[in-house]
Amino acid sequence: MSVALMIQQLLPDIILSLFGIAILVAEPFTPVPRKSALRVLSVVAVLAAAVATVNLIGEYDPFSSGMVVVDRFSIFFRFVFLLIAGLVILSSFDYLEEQKLNHSEYHALILFATVGMDMMVASNELIMVFLGLETLSISSYILLGFRRNDRKSNESALKYFLLGSFSSAFLLYGIALVYGTTQTANLESIARSIATGNADLRLIYVAVGLLLVGLGFKVSAVPFHVWTPDVYEGAPTPI
């Protein structure tokens, strides 16, 4: 895969990341009356990323063996994530004003969380899936505790951070077992290894169990859902 093609495939995420970094860098130097311009910049970032995603339509290789795959599945969910990010940013304008939480890093973290989600759906490697999930999770930990003077918000962020870190350990251990028995982290190669009988199915079953536990915590699936009510109660409403 050429460098130019990889940049094209990652361009929506590159745009979101650069805009997020720009917002963080500009925030300390922006006068208070003009800070609203930075939140408008986050909307521009979402629109620019959407345009870059539109340009990917028809240019994808669904059978790419690289670390990133651009296909109909990933393009569809990129649009879904960008739509959600845009709605969250727009719905946060009045909320942040009312709560006196008008800090620009809020919008940058939403952009970074969107990058994490994009990485997950476009990944063709378990390690990339993990990196995307952790990018999303770390941004979420901070956003959940954004109401710094609210004890419930602090509690929700801390509880999600502790349980999220715990579940990440299960997920990473499952990935390690998959790699240990198949000698690869590439999803297509893992499927071939299992189909041809080259992988130890006992280790695969254990690894799948660990992966399900890790993902179950992340999406609050029963019986790993006990943290959810407290976290939702303390989180800022748009988040």
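User: Which helix gives the most to the lining of the largest pocket?

Analyst: That is α5, with 8 residues. Helices here are DSSP runs of H or I with at least four residues, numbered from the N terminus. A quick note on the source: this is a predicted model, where local features need pLDDT of at least 70, side-chain atom pairs count only at pLDDT 80 or more, and totals for chains, interfaces and linings use all residues. Residues are numbered from 1 along each chain as its sequence is written, and side-chain values use heavy atoms, with hydrogens and water left out.

User: Why is Ser193 called buried?

Analyst: Buried means under 20% relative accessible area, exposed over 50%, and partly exposed in between (1.4 Å probe, protein chains only). Ser193 has 9% relative accessibility, so it counts as buried. This serine lies in helix α7.

User: What makes Gln183 count as exposed?

Analyst: Its relative accessibility is 56%, so Gln183 falls in the exposed class. Gln183 sits in the loop between α6 and α7, and its phi is near 65°, a positive value in a residue other than glycine.

User: And why is Ser220 called partly exposed?

Analyst: With a relative accessible area of 22%, Ser220 therefore counts as partly exposed. Ser220 is in the loop between α8 and α9 and has a positive phi of about 55° although it is not a glycine.

User: Where is Pro223, and which residue does a cis peptide bond join to Pro223?

Analyst: Pro223 also belongs to the loop between α8 and α9. The cis bond joins Val222 and Pro223, with omega about 5°.

Key: Helix = DSSP H or I, 4+ residues; strand = E, 2+ residues; numbered from the N terminus.
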